[in-house]
Each structure stands twice: as C-alpha cells, then as structure tokens.
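Take a look at the chain shown here.

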Amino acid sequence: MGIKIAYERRETKMFYAAKINPIVLILFLVLFMCVLILQIYLSNRKSPWPGLILPLLAFFWAVARMFMVRYFGMTAAEKASAYLNRFLIENLTTLILLFLYAACRVRNRRKKQKMLDKMNLHDLN
C-alpha cells in the first residue's frame, strides 16, 4: 500500500510539472493577439515602412537566439542542420508577421484601385 501511494505521488508531481499554467497561457495569447493587432495597424499605414518594424525585430531576435545556443559534440553537418532547424523554427513569428503585412498591403492596394475605378467611372458619366 505504501509503495502504491509513493508511486501515485511521483506520478502526480510529473503531471503537474508537465501541465501548463492556464494564467500564463492566457497572458501569452493576449500578448500575441496585441502584437498581431499592432502589426495590422502598422501595416495599414500609408507608408509601407512602419509595417516592417515588427517583422525585422522578430528576424533579428531569431538570429540572436540562434547563436545563443551552442551545440557540442556534433559534427559540422549536424551543427549546420541544428542551426538551420532552430533558425526556421524561430522565424515562424517573422513569417506570420510578414504574411499579415503582405495581406494588409494587398488589401489596401485593391481598395485604392477600386476607389480609382469608381472615380473614373463617375468622371465618364
């Protein structure tokens, strides 16, 4: 009986160690949503440069984090593969932000073209 209780306690500790704190998860999601909203706001500006600030920051952060990790005991090919994998994973945020930037710019261009077409049609009448 005593062995079973000790085993259950150890299992419970492992369960709690692997469990994600819901408050931290919610805060992380709120922060990520705020970054996405800020990216959409900056991408919809008249000038194209403000929308590139967050993707550039994310890219430089990914490059910096890639070189923070050292891989010991690996061959050169394994290190190159590990660095490449880390670089691709770290740049997922950059890709998301660039996708939002491109989508907003295309949407604004279409909206502007639609307005010009409407004005040209109105001028013909």
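**A helix pair, a serine and the chain**

The crossing of H3 and H4 is right-handed (the near helix is turned clockwise from the far one by less than a right angle). Helix H3 covers residues 53-68 and helix H4 residues 76-90; they pack at an angle of about 150°, with their axes 9 Å apart. That makes H3 roughly antiparallel to H4 (angles over 145 degrees count as such). Axes are lines fitted to C-alpha atoms, for helices over the stretch in contact, and angles run from 0 to 180 degrees between N-to-C directions.

H3 contributes Phe59, Ala62, Val63, Arg65 and Met66 to the contact, and H4 contributes Tyr83, Arg86, Phe87 and Glu90; contact means heavy atoms within 4.5 Å. Of these residues, 6 are nonpolar, none polar and 3 charged (Ala, Val, Met, Phe and Tyr are among the nonpolar types, Arg and Glu among the charged).

This is a predicted model: local features need pLDDT of at least 70, side-chain atom pairs count only at pLDDT 80 or more, and totals for chains, interfaces and linings use all residues. Residues are numbered from 1 along each chain as its sequence is written, and side-chain values use heavy atoms, without hydrogens and water.

Ser43 belongs to helix H2, residues 22-43. Ser43 is buried, at a relative accessible area of 0% (buried means under 20%, with a 1.4 Å probe and protein chains only). Beyond its neighbours within four places in sequence, Ser43 contacts Gly51, Leu100, Tyr101, Cys104, Arg105 and Asn108.

The protein chain has 5 helices and 0 strands (helices are DSSP runs of H or I with at least four residues, strands runs of E with at least two). Buried residues make up 17% of its 125 residues.

Technical notes. Parallel < 35°, antiparallel > 145°, perpendicular 65-115°, else oblique. Buried < 20%, exposed > 50% of the residue type's maximum accessible area, 1.4 Å probe, protein only.
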